[in-house]
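Student: Can we go through this one together? I would like to start with how the contacts are counted.
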Amino acid sequence: MEENISTSQNIKKLKFKYNAEKQQVILNSSINLFRNISGYKFNAVADKTDKEGILNLVLDVKSQISLLDNFNFHYLRDIPRLQRQLLIDQKIILSSTTQKIGSKAVILNSKFVDKNKLTAIIVNEDEHIKIECQMPGNNILNCYKEVLKFEKKLEKKLSFSFNQNLGYLTSNPSLIGTGLKASVVAHMPSMVISTKIVDFIKNLNQVGYGVSSFLGEGNEIIGNLFQISNLITLGKNEESIIEELIAISKNLIEEEERAKEELKTSLSLSIEDSVYRSYGMVKYAKILSFEESLELLSILRFGLDLGIIDEIVKFDFYELINIISDSSIELNYIKNKKASLDEIDFIRACIIREKIFKEYN
Amino acid sequence: MICDNCRKNEASIHLIQLDSNGEVRKFDLCKDCVKDLAFLSDEEMSGGDFKNSTSILAIDLGFFNDNESFDLFNSLNSADKESRRCQYCNISLSAIKKLGRVGCPRCYEEFKEELNPLIKLIQTGIEHKGKIPLNCNKRLKIEKKIKDLKFMLEEQIIIENFEEAAKLRDKITSLQKKLHYSGKKLKK
């Protein structure tokens, strides 16, 4: 029971420290490392006893690793609904997965000593083990180092499925080899407005990198936010995947800056209009949905960078995104009360005003 | 009535959903599956307000469909009697094709002929170049080292740094000897 209480408190604290002054193209970096334990069937086929076996094995191994002393082991079934939704919104666990939650678990840092990174180990999702690290900003290399640290410790105690030719084995053939998914979230309003983004995405696809919506694959692109991640995991080593993504990030920042400079020199009335229109919406709207907020904030942030508008604070886009998700509002602003969707949208509009208008700061 | 989701338990909760097109979908679910699908905790399930609770509406239908596909696995797997099966985990080739997932590590060996062309298509080649497990056997480690060195050797030759290339070549031959020797020792 005590574990339960700490779970809800623990997960409430999932917040990053931000730096609003720094460049705001790469908003977030994350690394996912997928591993399966040898001797067990993959989770698509495994039955309940197999999965329980894996859970017990990981729980046992966790207690032997001093690096994981500050980490708590939570069964997903014990985590209350809202906290679980927060984990989904923070992209720590998947919302849709072919596995039932009964046998899933997540290992999270209980103290959050370092607010600049979020490390978690997820057990029994699509693969047996997923080691994940997220950091705000352009930090892909640090994320990888962090994940590697945990993988090394786990590898000493566990034997992972491995094949000489195919590398680390996963149930999903698009992850075999390194089992490494590296991704960054980029905010590129200038590239979208100047329509250069289309060619950019095409080029990325050619070198084996995929672009998807910030909200996850298959969703619409909103708020000019793009998630860029590697599609190829076999035939390249880890270092070159990371190096390539770092190079891509650098290129992204340059391209976005260039597009921004071009727009600056030939500022059209319609761009100014859309910035001030968003300003008016944010200022006077009573209710704002999450999707609409992202669109408006994206344009306002763009207006700030372009110097069109100076009535608002230089806010941190990614920080705001995390604060204004439904689950975060319900957890932090509405305590133990069932809120209607309108209420949540109303509070969202208030939070945004509080965060970005000067008179509130 | 049997639960639509797990197809095992008796359904005790019946949902009717109207989507924006006016289409009606009916779901009959058992308590366990509702708990899973609506992300309810034990206390929320057992609490008295469960009947009037709106949390049951939190059932994500996308999620439901995914879960359906999970149980689809069982029906898929038993459907095609003709299809070849993995000796270890009993997954059929047609189920792998439909799920896009394999069942166990040995599937990659069992269905080598079928899977390797596919892997070649979505990845770059079928040769692992990344790190190897810490606790794998020594032989594998040496083989991996040789592979890495050969790769470096090619690089050096391309940039015409023959001095470095010669050093690498010597390293490779000495490692190959070591490998040869340890192989012999194993046979004895």
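Tutor: Two residues are in contact if their C-beta atoms, placed from the backbone, lie within 7 Å. In chain A, 73% of the contacts with a separation of 6 or more are between residues 24 or more positions apart. This is a predicted model, in which local features need pLDDT of at least 70 and side-chain atom pairs count only at pLDDT 80 or more, while totals for chains, interfaces and linings use all residues. Residues are numbered from 1 along each chain as its sequence is written, and chains are lettered from A and ligands numbered from 1 in the order in which they are written.

Student: How many helices and strands does chain A have?

Tutor: Chain A has 12 helices and 10 strands. These are DSSP runs numbered from the N terminus: helices are H or I with at least four residues, strands E with at least two.

Student: What order do the strands of the open sheet take?

Tutor: The order of its 8 strands is E2-E3-E4-E5-E1-E8-E10-E9 in chain A, with antiparallel pairing. Strands pair if DSSP finds at least two bridges between them. E2 (71–75) and E9 (209–213) of chain A are the edge strands; each has a single partner strand, so one side of each lacks a neighbour in the sheet.

Student: And how many bridges join E8 to E10 in chain A?

Tutor: There are 5 bridges between E8 (residues 180–187) and E10 (residues 225–230) of chain A, and the two strands run antiparallel. Val184(A) is opposite Ile228(A) in E10(A). H7(A) packs on the sheet and touches E1 (26–35), E8, E9 and E10 of chain A; its direction makes about 5° with that of E8(A). Axes are lines fitted to C-alpha atoms, for helices over the stretch in contact, and angles run from 0 to 180 degrees between N-to-C directions.

Student: Which residues of H4(A) meet H7(A)?

Tutor: Ile140(A), Leu141(A) and Tyr144(A) of H4(A) meet Ile242(A), Leu245(A), Ile246(A) and Ser249(A) of H7(A). The axes of H4 (residues 140–157) and H7 (residues 238–265) of chain A come within 9 Å and cross at roughly 155°. That makes H4(A) roughly antiparallel to H7(A); angles under 35 degrees count as roughly parallel, over 145 as roughly antiparallel, 65 to 115 as roughly perpendicular and the rest as oblique.

Student: Now H8 and H9 of chain A: at what angle do they pack?

Tutor: H8 (residues 269–284) and H9 (residues 290–306) of chain A pack at about 125°, with axes 9 Å apart. H8(A) and H9(A) are therefore oblique to each other.
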